[in-house]
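Have a look at the model first, then read the points in order.

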Amino acid sequence: EERHCAGATQRIRQHLWRTWVSVYKLLFEALVKGQLKKDTIVQHLQLQTERSFGSEVMLHAKKMGLFVNTFGELLDLIFLNLMYIEIPTIDVLKIEYCYQADASVIGTEVVRFEEKLVVKELKHYCSFWKGQREAQGVDIEEAWKCRSCDFADICQWREKKAEEAVERNRANHRK
């Protein structure tokens, strides 16, 4: 079996992975700086913080020196620790690519963190979800994703690409 990735689709995926790892860094830094609050996370993820842990989880926590009964108590401890921990600034990130069949490493990529670019890209993505811009079609190399898209029947991008293909076909037949 081949263990490498290539092509336009892979380049698009790598761009997304670089963006994701940079977003994770932004989120982690916001946690450490106290800019991302527990209540925000709990509300956004709809977490049930008051439910008691099962006996196995509580036993494991005690073995680690954590005396907590609920997820909320654990979050409180985590946030308390983040307030007092000294973590150096991390500007270089690393992505590790693994072969799915056996989890062996097939490559690594060092990603330079560029906050301005990541924030710009996030604002672009969020503008769609906030209704501030229209949806954009995928790169043509990613059009295979349309087969499983819930909006394929009403997608103007697909319609436009189909019309372009028909027009190219007509032009080729005229020659």
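**Notes on the model**

1. Let us start with one residue. Leaving aside residues up to four places away in sequence, Met-58 touches Phe-53, Val-68 and Asn-69; contact here means heavy atoms within 4.5 Å. Met-58 and Asn-69 lie 11 residues apart in sequence, with their C-alpha atoms 6.5 Å apart in space.

2. A word on the source: this is a predicted model, where local features need pLDDT of at least 70, side-chain atom pairs count only at pLDDT 80 or more, and totals for chains, interfaces and linings use all residues. Residues are numbered from 1 along each chain as its sequence is written, and side-chain values use heavy atoms, leaving out hydrogens and water.

3. Met-58 sits in helix 3, residues 55-63. Met-58 counts as buried because its relative accessibility is 19% (buried means under 20% relative accessible area, with a 1.4 Å probe and protein chains only). Across the protein chain, 23% of the 175 residues are buried.

4. The protein chain has 6 helices and 2 strands, in the order α-α-α-α-β-β-α-α along the sequence. Helices (H or I, at least four residues) and strands (E, at least two) are DSSP runs, numbered from the N terminus.

5. For overall dimensions, the C-alpha atoms of the protein chain fill a box of roughly 80 × 40 × 35 Å along the principal axes.

6. Among contacts in the protein chain with a separation of 6 or more, 45% join residues 24 or more positions apart.

Notes. Buried means under 20% relative accessible area, exposed over 50%, partly exposed in between (1.4 Å probe, protein chains only).
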